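Hi there,

Here is the structure I promised to pass on.

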Amino acid sequence: MFTNILLATDGSAHSKRAIEQSIQMVSPYKEQVTLELVYAVDGDTSKEDILKHGDSSTATLKRKEKFYEVIQEIEASGIKSDITILHGEPAEAIIEYANDRSYDCVVVGSRGRNKLQTLILGSVSHKLMKYIKAPVMVVK
């Protein structure tokens with residue numbers, strides 16, 4: 001039974017499917033479960049957000065607001081949840097964060113790239129599967 005789950009998200013449709021799958025997966029014992037959403041902001045996005053919002057604290061607040069509806073949906077299902085904002089290259093930041101803590105499972109959505117795109121561009125979900133010590137579930 002998974003009770004402490006990390007959900008890697010970026011707000012995309014792929015990550016929303018991962019969130020929906022996680023809610024469905026833990027619904028039989030939801031009172032005992034905590035879902036922590038983690039969103040990793042790379043350097044370029046961070047700079048754009050600060051320029052757009054004026055300072056880093058406002059940018060962080062706006063990033064959290066982006067996931068407000070998702071948190072409400074999770075908590076409406078009777079599951080405790082929270083959002084953590086990380087800074088750095090997404091795969092590395094999430095790997096370090098997950099490995100420094102004790103999660104029963106890490107859930108991530110897959111973008112569905114073909115083999116050539118994955119070979120050239122890499123894949124966050126693939127890196128997470130390879131380097132996170134906890135079990136990783138990739139939702140297509």
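Val107 stands opposite Met137 in S5. Likewise, Val106 has Val136 of S5 opposite it. Strands and helices here are DSSP runs numbered from the N terminus, with E runs of at least two residues for strands and H or I runs of at least four for helices.

Before going further, a word on the source: this is a predicted model, where local features need pLDDT of at least 70, side-chain atom pairs count only at pLDDT 80 or more, and totals for chains, interfaces and linings use all residues. Residues are numbered from 1 along each chain as its sequence is written, and side-chain values use heavy atoms, with hydrogens and water left out.

Back to the strands. S4 and S5 pair in the parallel sense over 4 bridges, where pairing asks for at least two DSSP bridges between two strands. S1 also runs parallel to S4, and 4 bridges join them; Ile5 has Cys105 in S4 as its bridge partner.

How many residues of S4 are buried? The count is 5 of its 5 residues, so to speak a mostly covered strand. Buried means under 20% relative accessible area, exposed means over 50%, and partly exposed lies in between, using a 1.4 Å probe and protein chains only. Cys105, Val107 and Gly109 point one way from S4, while Val106 and Val108 point the other way, and all are buried.

In which order do the strands of the sheet lie? The open sheet of 5 strands reads S3-S2-S1-S4-S5, with parallel pairing. S3 and S5 (136-139) are the edge strands, each pairing on one side only. From one strand to the next, the twist averages 25 degrees.

**The whole chain**

The protein has 7 helices and 5 strands, and along the sequence they follow the pattern β-α-β-α-α-α-β-α-β-α-α-β. Of its 140 residues, 40% are buried. Contact means heavy atoms within 4.5 Å; among contacts between residues at least 6 apart in sequence, 76% join residues at least 24 apart.

**Two nonpolar cores**

A nonpolar core is a set of buried Ala, Val, Leu, Ile, Met, Phe, Trp, Tyr and Cys residues joined through side-chain atoms within 4.5 Å. The largest one has 23 residues, and Ile5, Leu35, Leu37, Ile74 and Val107 have the most contacts inside it. At least two residues each come from S1, H1, S2, H4, S3 and S4, and H1 gives the most, with 5 residues. A second, separate core of 17 residues includes Ala8, Leu86, Tyr97 and Tyr103.

Leaving aside residues up to four places away in sequence, Ile5 touches Met25, Val26, Val33, Thr34, Leu35, Glu36, Tyr103, Cys105 and Val107.

Which residues of H5 (90-99) are buried? They are Ala91, Ala93, Ile94, Ile95, Tyr97 and Ala98. Their cover includes strands S1 (4-8), S2 (34-41), S3 (80-87) and S4 (105-109), together with helix H7 (124-131). At the start of H5, a side-chain oxygen of Glu89 comes to within 3.2 Å of the backbone nitrogen of Ala91.

H4 (residues 68-76) lies across S2 and S3 and runs at about 150 degrees to S3. That angle, from 0 to 180 degrees, is taken between N-to-C directions of axes fitted to C-alpha atoms, for helices over the stretch in contact.

**Three single residues**

- Ser15 lies in helix H1 (residues 13-26) and is buried, at 3% relative accessible area. Ser15 touches Ala8, Thr9 and Asp10, not counting residues up to four places away in sequence. Val139 is 124 residues from Ser15 along the chain, yet their C-alpha atoms are separated by 8.2 Å.
- Thr84 belongs to strand S3 and counts as buried because its relative accessibility is 17%. With residues up to four places away in sequence left out, Thr84 touches Glu36, Leu37, Val38, Tyr39 and Tyr97.
- Tyr68, in helix H4, is exposed, with a relative accessible area of 51%. Tyr68 and Asp82 are 14 residues apart in sequence, and 9.6 Å apart from C-alpha to C-alpha.

Terms used
Polar contact = N/O pair within 3.5 Å; in protein donor to acceptor, adjacent residues only side chain to side chain.
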